[in-house]
Amino acid sequence: MKHVTTLNSANLKSSAVHGGCGECQTSCQSACKTSCTVANQKCENAQN
Amino acid sequence: MIHKFKQLGMNIVMDVYSGAVHIADDVMYDMLDCIFEPFTPESECPEYVKQAMGDKYSDEEIDECYAEICSLYRAGQLFSEDTYEQFAKNWNKGSIVKALCLHIAHDCNLRCKYCFADTGEFHGGRSLMSAETGKKAIDFVIANSGNRRNIEIDYFGGEPTMNFEAVKEITDYAREQGEKHGKNFRFTITTNGILLNDDIMKYINENMSNVVLSIDGTKETNDRVRRRVDGSGSYDAIVPKFQKLAESRNQNNYYVRGTFTAYNLDFAKDVLHLADLGFKQTSVEPVVAPYDEDYALKPEHVDKICAEYDKLCEEYVKRYDEGRGFNFFHFMVDLDQGPCAIKRLSGCGAGHEYLAVAPSGDIYPCHQFVGNEDYKMGNVYDGTLNEGIRSEFERSNVYTKEKCKDCFAKFYCSGGCSANAYNFNGDINKPYELGCEFQKKRLECAIAIEAHKKLG
């Protein structure tokens, strides 16, 4: 592509099918205690 | 849905439903203003698009660019459709409890002006959690965690080091019970640092997977708000101890964590000060407070705060490029291995996966609800949970929040903090709008930073 660079594999939709195992941390466990920050967490399911 | 913005000199395009992030040149960035959803690819660039583009670009560039947009669409990376609503409609998480926030001490040796915990009391008087209550909480989470192996325990307060013997006893008990029941406990502690000493640091390093160290930034910023009972500041006492602890953890698995208020709208300097002190893991967050407090952030502060995030973003990548980078919690985003869509739909887990336990053993949806009698869910001594409250939180997701419908950030914040929504709008499904504005700006910065790192 000449006009665009795509940065990631964009796997959100497939993760909806395979996801939801629940092994990830709850979001407030790290540093935030007053805001909900989810997207900086790691997925803990090796299949995704 | 797409969202486009300029940050760090790049044209950034997010495709919300696929999670794709693109860096576009000017031709594509402008063309995306001329194309509307739902998008239907055509064999040639439609005339109305060409007309809307004017004479800024050649016909060849326009045709080429349109073809690339069609390719991205076909690859599911642009104008992708919302296919998540079906998950939200059939929402049946069957949640298990996987984390507890233990309020080890409803007491504090600081009197921070903005404390949501009412300077440690949580509106219920000063008290300490007994080791016995803590052990009951451990029994409770083991009994309610289903097949999940990893369980998180967060020692919180008030100030948990004011009741550190209980912390030790509960930790020992959790490890012992964990072995019996096939559970792996991971511990976190949040402290203001006043009582930290070598023994406590050693214990923390040996037992806690994460430690959150509270400090707001420069001495002036910190000591204006984070004061001792006698009114004196805390900065001088805590900084050397925090530096020592951070180094002893190899600058990993900890955060120095501050709060900014209307008193320091120029908070980028406070974040950079923490980095200058040598801290590699930082977090400084906006205070959440009723508008009638003089330190509260208000809608008229949004522009200034967003400009401050921009400033911090620029300095952040500059330091990264110079090999002296640091992490700022709210600028961290994982574009490749981030949480799955289900996690992004459901959010922090408060009220069903994550619960807070007060010194009395009373259970609340999260630390921010502690002391709110309407949201008391049960007690660890009887082991029951109020199903009405639990299911209210479990059902809540991005699609139960009308305000999130058209928001590009919804899969990054998951609809925001339930406690903030409740405190400002009386409903966990009505997000706190000021928080949304900050979240959106931080997300733009975070994505730009990742783009900068990937593209060099």
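Helices H10(B) and H11(B) are roughly parallel to each other, a term that covers angles under 35 degrees, whereas angles over 145 count as roughly antiparallel, 65 to 115 as roughly perpendicular and the rest as oblique. Helix H10 (residues 268-276) and helix H11 (residues 302-321), both of chain B, pack at an angle of about 30°, with their axes 9 Å apart; axes are lines fitted to C-alpha atoms, for helices over the stretch in contact, and angles run from 0 to 180 degrees between N-to-C directions. Helices (H or I, at least four residues) and strands (E, at least two) are DSSP runs, numbered from the N terminus. The contact is made by B:Ala268, B:Val271 and B:Leu272 on the side of H10(B), and by B:Glu308, B:Lys311, B:Leu312 and B:Glu315 on the side of H11(B), where two residues are in contact if their C-beta atoms, placed from the backbone, lie within 7 Å. By class, this contact holds 4 nonpolar, no polar and 3 charged residues, with Ala, Val, Leu, Ile, Met, Phe, Trp, Tyr, Cys and Pro counted as nonpolar, Asp, Glu, Lys and Arg as charged, and the others, Gly among them, as polar.

The model is predicted, and local features need pLDDT of at least 70, side-chain atom pairs count only at pLDDT 80 or more, while totals for chains, interfaces and linings use all residues. Residues are numbered from 1 along each chain as its sequence is written, and chains are lettered from A and ligands numbered from 1 in the order in which they are written.

Chain A has 48 residues, of which 58% count as buried, and its secondary structure comes to 1 helix and 1 strand. A residue is buried if 20 or more other C-beta atoms lie within 10 Å of its own, exposed if 12 or fewer, and partly exposed in between, with C-beta atoms placed from the backbone. The contact between the chains takes 66 residues from chain B and 40 residues from chain A. On the side of chain B that touches chain A, strand E3 (residues 20-24) of chain B gives the most, with 5 residues, and the residues of that side divide into 31 nonpolar, 19 polar and 16 charged.

Strand E1 (residues 4-6) of chain A is joined to E3(B) by 3 bridges, and the two strands run antiparallel, with A:Thr5 standing opposite B:Ile23; two strands pair if DSSP finds at least two bridges between them. The open sheet has 4 strands in the order E1(A)-E3(B)-E2(B)-E1(B), with antiparallel pairing. E1 of chain A and strand E1 (2-7) of chain B stand at the edges, each with a single partner strand, so one side of each is left without a neighbour in the sheet. Neighbouring strands are turned by 25° against each other on average, direction ignored. Within chain B, strand E2 (residues 10-15) pairs with E3(B) in the antiparallel sense over 5 bridges, and B:Met14 has B:Val21 as its bridge partner. Helix H16(B) lies across E1, E2 and E3 of chain B, running at about 115° to E2(B).

Leaving aside neighbours within four places in sequence, B:Tyr364 is in contact with residues including B:Leu355, B:Phe369, B:Val370 and B:Met377.

Two further strands of chain B are largely enclosed by the rest of the structure. In strand E6 (residues 150-157) of chain B, 7 of the 8 residues are buried, so the strand is largely enclosed. Strand E4 (residues 99-106) of chain B pairs with E6(B) in the parallel sense over 6 bridges, and B:Ala105 stands opposite B:Gly157. E6(B) pairs in the parallel sense with strand E7 (residues 184-191) of chain B as well, over 6 bridges. In strand E10 (residues 281-286) of chain B, 6 of the 6 residues are buried, so this strand too is largely enclosed, and 5 bridges join E10(B) to strand E9 (residues 254-260) of chain B, the two running parallel.

The peptide bond from B:Gly157 to B:Gly158 is cis, with omega near 5°, and B:Gly158 is placed in the loop between E6 and helix H6 (164-181) of chain B. B:Phe79 has a positive phi of about 55° although it is not a glycine, and counts as buried, with 23 C-beta neighbours inside 10 Å.
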